[in-house]
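User: I'd like to go through this model with you and ask what stands behind each description. Could we start at the ligand?

Analyst: Happy to.

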Amino acid sequence: MPEATNSRLRQPHLETARCIVRPALPTDLATLLAAVQSPLFPRRLPLAQMAMSDELAPWLARMCSRSSEGSAFLWSIDLRDEARCIGQISLSPKPGSTAWALAFWLDPTHWGRGIAAEAVSRVNDAAFSLLSMQELWAGVALWNQRSFTTLERLGFRLLGVHSSGYWVAGEPEPIREYHLTRQQWQDNGKLHGA
Ligand SMILES: CC(C)(COP(=O)(O)OP(=O)(O)OC[C@H]1O[C@@H](n2cnc3c(N)ncnc32)[C@H](O)[C@@H]1OP(=O)(O)O)[C@@H](O)C(=O)NCCC(=O)NCCS
């Protein structure tokens, strides 16, 4: 595992056929808020909970600062046809583990087009090939079928169920835990000469 605080871990600027996946900026706050406050955005997600308690701005500022240090990474997704910050992808060291925790979201107006799979796949490739990570982990609430489907499409494997993955309004949220190891990623034919 790379040292999370190693200043050599520079956040890469990434591109896909339809997306520019670039380091997040504090100025992404307005679009982030609009997406998370959409009636279609699930309320029982940490981002939605943070928006309700005015914690989103400090969270974004903290993640931008950590991204510049290389101790965690937050990317924003811009569409090549100009729409700015239609979603984000983060990688953070998973406490007590050598894995990095992956999280992602899209503005609901862009769901159902394969954009999450396209952008997250590019970040996964960068995590293994440019950032030398060994394992990615993702925890998804049991009701979050769209996210399971995206993770499974990207080659993540189910590890099991955790009865209190995170807390919402004082209640535990059970999650499915998924992972993707460097070996599984290589076996999926993703080495691309990195
Ligand atoms: C999770 C989330 C990003 C998934 O968004 P999504 O658009 O459903 O995901 P994908 O990019 O994988 O798109 C797949 C869908 O696009 C469709 N699609 C259309 N064109 C496509 C293409 N070119 N390639 C792939 N899929 C395509 C697929 O058929 C699929 O639709 P379906 O689920 O109705 O069958 C979104 O639901 C979200 O933001 N949820 C809230 C945040 C969240 O829960 N995050 C997870 C915590 S880690």
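User: How do the residues of the shell around the ligand divide into nonpolar, polar and charged?

Analyst: One note before the answer: this is a predicted model. The shell holds 12 nonpolar, 6 polar and 3 charged residues. Trp105, Gly114, Ala116, Ala117 and Arg146 come nearest to the ligand among the 21 residues around it.

User: What makes β2 and β3 a pair of strands?

Analyst: Two strands pair if there are at least two bridges between them. Strands β2 (residues 19-23) and β3 (residues 73-79) have 5 bridges, in the antiparallel sense, so they meet that cut-off. Within this pair, Val21 stands opposite Ile77 of β3.

User: And why are β1 and β7 called edge strands?

Analyst: The open sheet has 8 strands in the order β1-β2-β3-β4-β5-β6-β8-β7, with mixed pairing. Both β1 (14-15) and β7 (157-168) pair on one side only.

User: How many helices and strands does the chain have, and what makes it as compact as a globular protein of its length?

Analyst: There are 6 helices and 8 strands. The radius of gyration is 16 Å, and the globule rule gives 16 Å for 194 residues, so the chain is as compact as a globular protein of that length.

Technical notes. Residues numbered from 1 in each chain as written. Predicted model: local features only at pLDDT ≥ 70, side-chain atom pairs only at ≥ 80, totals over all residues. Near = placed C-beta within 6 Å. Nonpolar A, V, L, I, M, F, W, Y, C, P; charged D, E, K, R; others polar. Helix = DSSP H or I, 4+ residues; strand = E, 2+ residues; numbered from the N terminus. Rg over C-alpha atoms; globule rule 2.2 N^0.38 Å.
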